[in-house]
Amino acid sequence: MNDAVIKSLDLSGQLALVTGASSGLGVHFAKVLAQAGATVVAAARRVDRLESLVADIEAAGGKAMAVAMDVNDGSSVVAAFDQVQANLGTVTVVVNNAGVADPSRFVDSTEDKWDFTVDTNLKAVWRVSREASERMIKAGVGGSIINISSILGLQPSSNNTLYATAKAGVIQLTKNSAQELWRHNIRVNALCPGYFETEINTDFFQSEKGAQYLNKIPPRRLGQMDELTMPLLMLASSAGSFISGVALPVDGGHLLQSL
């Protein structure tokens with residue numbers, strides 16, 4: 001590979017924070033950023049899992065730190081950023097990965113389910129992004145914020161109204177914050193994965209119904225974690241220096257299916 005291309009993906013000197021880093025996509029994202037040279041802050045509520053992740057990253061030659069963070073608690077978010085600032089400096093790459101799913105029919109949705117789903121998938125993204133960008137601006141450094149949305153934020157899906165609404169909100173939040181933050185050299189983009197097997201959906205996709213569903217969509221399979229690696233690195237690094245405000249689907253063409 002051309003040296004200039006490799007250099008553009010290098011995150012050496014960057015401090016990257018990943019929320020929801022205790023499982024699923026968050027674990028993969030943290031490891032990818034560390035392999036690219038970033039010092040990684042793994043943030044989540046389950047600190048024991050984070051410490052195991054940090055140990056894996058360090059064993060592979062990377063640098064990482066675990067920090068307790070409840071994205072639904074403003075004081076917890078501020079305390080986590082304070083801890084990182086005191087120990088490592090200003091976060092320059094943020095991956096807003098923390099999220100929850102609670103599939104149900106629209107008519108079965110409740111205010112409690114709305115608060116649980118929308119607060120975690122949308123309000124928390126605003127909360128973490130605002131805290132991170134304020135600190136970048138104060139420190140006079142640029143950066144990249146990557147919000148993990150979903151193809152469900154781009155297209156309706158049965159029995160996923162609350163989740164899809166929150167993820168669509170993440171995309172609009174991405175565009176509006178990108179419009180304001182560009183003057184501070186802060187890029188904001190949304191990564192919109194299709195279906196990748198995680199703890200949230202593994203039971204469904206290992207069932208006969210899940211297999212039938214996969215057989216009906218264009219890729220006819222789940223995405224592999226490595227297929228998110230380059231899209232993430234492009235948005236996090238100088239390789240994506242002229243990309244801001246986009247919602248990038250990584251779905252094997254799932255959204256292309258005919259109506």
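## Ground rules

On a 1 Å grid over the protein atoms alone, a pocket is an open set of points with protein on both sides within 12 Å along at least five of seven lines, while a cavity is a set of points where a 1.4 Å probe fits but cannot get out; lining residues have an atom within 4 Å of a point. Grid points are joined across faces, edges and corners, and a volume is the space filled by probe spheres set on the points.

This is a predicted model, where local features need pLDDT of at least 70 and side-chain atom pairs count only at pLDDT 80 or more, though totals for chains, interfaces and linings use all residues. Residues are numbered from 1 along each chain as its sequence is written, and side-chain values use heavy atoms, with hydrogens and water left out.

## Pocket and cavities

The second largest pocket holds about 230 Å³ of space. Its lining has 14 residues, with G142, G143, R187, A236 and S238 nearest the centre. By class, this lining has three nonpolar, nine polar and two charged residues (Ala, Val, Leu, Ile, Met, Phe, Trp, Tyr, Cys and Pro count as nonpolar, Asp, Glu, Lys and Arg as charged, and the others, Gly among them, as polar).

D102, P103, S104, N159, N160, T161, L162 and Y163 line the largest cavity.

## The sheet

Let's turn to the strands (DSSP runs of E, at least two residues, numbered from the N terminus, as are helices, which are runs of H or I of at least four). Seven of them form an open, parallel sheet in the order 3-2-1-4-5-6-7, where pairing takes at least two DSSP bridges. Strand 3 (63–68) and strand 7 (247–250) are at the edges with a single partner strand each, so one side of each has no neighbour in the sheet. From one strand to the next, the twist averages 20°.

Strand 4 pairs with strand 1 over three bridges, A16 being partnered by V93, and with strand 5 over four.

Note on methods
Axes fitted to C-alpha atoms, helices over the stretch in contact; angles between N-to-C directions.
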